[in-house]
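Grab a pencil and have the model open beside you. Here are a few exercises, each with its solution worked through.

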Amino acid sequence: MNNILFSNELTIFFIILLGAIFGSFAAAIIHRAPLGISIIWPRSKCNNCNQIIKPIHLIPIISWLLLKGKCSFCKKYIGSRELFIEFLFIILSITIFLKYHISFVALEKFIFCFLLICIAYIDLDYFFIPTWLITLFSFFGLFILFYYFYNPQEWIPLNSNWYFLPTILQNKNFCIIDHLMASIFGGGFFSIINIAFTYLLRKTGRLTKQQWAMGWGDPWLIAILGLFLGAKALFLTIFIASFLGSLCGIIQKLYPKNYKLGEDIATNALPYGPFLAVAAIFVYLV
């Protein structure tokens with residue numbers, strides 16, 4: 001009995017450790033990818049004094065707490081985003097492990113969340129998604145799609161009890177056509193919306209010739225989510241994301257902050273990617 005308890009505690013410890021490590025790696029991708037810096041080299045350095053950070057100061061969570069969130073050289077506060085992301089991945093890792101244990105499904109769902117969180121943060125900061133990152137997500141989605149096609153016994157249906165859809169529309173078995181159609185029609189539909197609304201808003205002068213109603217990364221991201229989620233879950237994801245985006249838009253109207261990130265981005269625009277990411281992770285895990 002004691003051996004079993006020790007084994008479980010040790011497993012949880014390693015899950016927490018891996019979550020913190022991958023959270024630290026995700027934070028590095030979020031910081032480096034938009035700047036065109038390799039995620040592997042050069043070594044991390046302080047953005048203020050440009051000193052190379054020592055390996056002892058890169059231990060997830062512990063180093064931040066010991067240094068009180070400051071650079072060990074110039075003592076400038078480095079922010080708490082990395083700490084938050086590391087804790088986020090710890091919670092994510094434990095949640096996935098407790099629900100799916102150590103399995104292929106758990107690994108697949110963790111990678112899904114890992115890539116989405118990186119995409120969401122970058123889109124939030126820069127209003128674009130790096131091509132290599134979303135391309136990697138695309139290939140991963142296709143791999144998972146065909147993996148479950150050839151191994152349908154490993155696929156676990158998403159929780160559809162709260163989809164508010166007739167039972168006859170709720171798939172209990174994996175259907176590759178459903179996922180492919182969700183991807184094609186989801187991405188295609190939002191591409192049409194992007195073109196149509198861009199044309200209308202440019203005609204009315206609300207957008208310049210360089211600006212688009214939404215970035216092309218959003219339809220692409222929706223197409224990828226369709227590969228994982230299928231039609232019903234994708235529809236629910238878009239509904240939740242749109243609701244959250246509308247809510248934030250209303251709050252932004254009530255408490256306006258006039259900002260502009262570039263000529264190709266409309267003033268006070270809100271990126272759709274982070275809302276899609278939050279909604280997709282919720283639907284895919286719950």
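**Exercise 1: a helix and its length**

Work out whether the span of helix α6 (residues 176–203) fits its residue count.

Solution. Start with the count: α6 has 28 residues, and at 1.5 Å a residue they should span 40 Å. The rule here is 1.5 Å times one less than the number of residues. Now take the model: the end C-alpha atoms of α6 are 41 Å apart, which agrees. Helices here are DSSP runs of H or I with at least four residues, strands are E runs of at least two, and both are numbered from the N terminus.

A word on ground rules: this is a predicted model, where local features need pLDDT of at least 70, side-chain atom pairs count only at pLDDT 80 or more, and totals for chains, interfaces and linings use all residues. Residues are numbered from 1 along each chain as its sequence is written, and side-chain values use heavy atoms, with hydrogens and water left out.

**Exercise 2: the buried side of α6**

Find which residues of α6 are buried, and what covers them.

Solution. Buried means under 20% relative accessible area, exposed over 50%, and partly exposed in between (1.4 Å probe, protein chains only). By that cut-off the buried set includes I176, H179, A182, S183, G186, G187 and F190. Residues three or four places apart in an α-helix point the same way, because there are 3.6 residues a turn. Just past the helix, G205 has a positive phi of about 85°.

**Exercise 3: the whole chain**

How many helices and strands does the protein have?

Solution. Counting gives 8 helices and 0 strands. Then turn to burial: of the 286 residues, 41% count as buried. Finally, take the contacts with a separation of 6 or more: 67% of them join residues 24 or more positions apart.

Definitions and conventions. Contact means heavy atoms within 4.5 Å.
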